[in-house]
Amino acid sequence: MRPTWAEISLDSFKSNLGEVRKLVGEDVRIMAIVKADAYGHGAVRVSETALGHGADMLGVATVSEAMELRRAGITGEIFLLGSIDPQEAGIVVENALTPACYSLDVLEALSEAAVKRGKTARYHLKVDTGMTRLGVGVGDIESFFASASALPGVILEGVFTHLASSEIPQSDYTDYQLGVFREGLFFLGELGVKCRYAHSANSASIQRFPDSHMDIVRPGIMLYGSGGMGEIGLRPVMKLKTRIVQLREVSPGTPVGYGGSFVTGRETLVATLPIGYADGYPRALSNRAKVSVGGRLAPLIGSVCMDFIMVDVTDVPGVCVGDEVVLFGDDLVSVEDVSSWAETISYEVLSRVSPRVPRRYV
Ligand SMILES: Cc1ncc(COP(=O)(O)O)c(C=O)c1O
């Protein structure tokens, strides 16, 4: 087996979920966000762990993500955060999924599918309060319900919004969005529209805006040990690992990798590692990243290839072929380090670890 793998600590995941519970208290429901294969950590194992250790429901982006969980035997509540196609209404009803709705087309299809099957479909109205991505504007709520209220077979269970800037300390945009959302909720009350749940909080707002907690919180990245703010004790869940497959001593002036973008300046011990951009290790890390080997940091030299990278291990005492190397997730290199070197965010680095990399649960 190719010696490259992602080690997933379900204990760390449980501990992070426990941190969310401490922040929100016992009366708020937790929707664990497990879209994008649980941010790269493996949706089925993570979902089972979440539901078994304090999460009340799961959130995914697409119907196919939800179906992977249903096929694996997960019977808990699954919320579809993203957009669904009217053609998916039947499968949504049959599998008791709860979709976000913001368009009458989708709601009509849901109503028709539910009536045809003699069932009732629950949905949450998505209100756009300033993210400008998906949702009904507050000004359009009245006309939405002028039609929606008459549809048979569908029940409004929740109303929610998504916050665009809650992780930015100097921004007051979250207060603005929460204000708009509250106006929308008030307006619904005036129209006589009733529903059980209001929700708005992602990881950053769970930590920074207690006002945003409402009835359900939707933590994603913090469950995976990133995006912690202040004193909170989050633990990284994924360690991306590989083993050295070749070691070679080369002389000064030796070009390394495609295009010779790095040229050795000294006698250099080069270690070749079997991980590349096809595994989700970003090519933008070429000549920029460091890896953890033998308790030291070793610099990546040359370009990231599709299946390999090279690192300078000259200063790592006793290094051998077969030694374990951590790309991120230990005390020396965090996923945040890697994302800042690649000029991206930890969400992208984690969720792009490719299916070619086996997940090992510990
Ligand atoms: C609607 C919605 N809620 C919650 C989340 C979770 O966000 P985070 O990972 O920042 O906690 C996301 C993620 O993008 C989302 O799209």
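Predicted model: local features only at pLDDT ≥ 70, side-chain atom pairs only at ≥ 80, totals over all residues.
Me: Why are α3 and α4 called roughly perpendicular?
Reply: The axes of α3 (residues 43–52) and α4 (residues 63–71) cross at roughly 70° and come within 10 Å. Roughly perpendicular covers 65 to 115 degrees (under 35 is roughly parallel, over 145 roughly antiparallel, the rest oblique). Helices α3 and α4 therefore count as roughly perpendicular to each other.

Me: Which residues of α3 and α4 meet?
Reply: Ala-43, Val-44 and Ser-47 of α3 meet Glu-65, Glu-68 and Leu-69 of α4; contact requires C-beta atoms, placed from the backbone, within 7 Å. By class, the residues of this contact are three nonpolar, one polar and two charged.

Me: What makes α1 oblique to α3?
Reply: The axes of α1 (residues 10–24) and α3 come within 10 Å and cross at roughly 45°. That angle makes α1 oblique to α3. The crossing of α1 and α3 is right-handed. Leu-10, Phe-13, Lys-14 and Leu-17 of α1 make the contact with Arg-45, Val-46, Thr-49 and Ala-50 of α3. Five nonpolar, one polar and two charged residues take part in the contact of α1 with α3.

Me: How do you know that Ala-38 is buried?
Reply: Ala-38 has 30 other C-beta atoms within 10 Å. Buried requires 20 or more (exposed means 12 or fewer, partly exposed in between), and therefore Ala-38 is buried. Ala-38 lies in helix α2 (residues 35–40), and has a positive phi of about 55° although it is not a glycine.

Me: Why is Tyr-39 called buried?
Reply: Tyr-39 has 26 other C-beta atoms within 10 Å and therefore counts as buried. Tyr-39 is found in helix α2. Its phi is positive, about 50°, although Tyr-39 is not a glycine. In the chain of 362 residues, 44% count as buried.

Me: What makes β12 and β20 edge strands?
Reply: Strands β12 (246–250) and β20 (359–361) each pair on one side only. They belong to an open sheet of nine strands with mixed pairing, in the order β12-β15-β18-β17-β16-β19-β11-β1-β20. From one strand to the next, the twist averages 35°.

Me: How many bridges join strand β15 to strand β18?
Reply: Strand β15 (residues 268–273) is joined to strand β18 (residues 309–312) by four bridges, and these strands run antiparallel. Pairing requires at least two bridges found by DSSP. Ile-309 in β18 is the bridge partner of Leu-273.

Me: How many helices and strands does the chain have?
Reply: The chain has 11 helices and 20 strands, taken as DSSP runs (H or I, at least four residues, for helices; E, at least two, for strands) and numbered from the N terminus. Its C-alpha trace spans about 80 × 45 × 35 Å along the principal axes.

How values were computed
Residues numbered from 1 in each chain as written. Axes fitted to C-alpha atoms, helices over the stretch in contact; angles between N-to-C directions. Contact = placed C-beta atoms within 7 Å. Nonpolar A, V, L, I, M, F, W, Y, C, P; charged D, E, K, R; others polar. Left-handed = near helix turned anticlockwise from the far one by under 90°.
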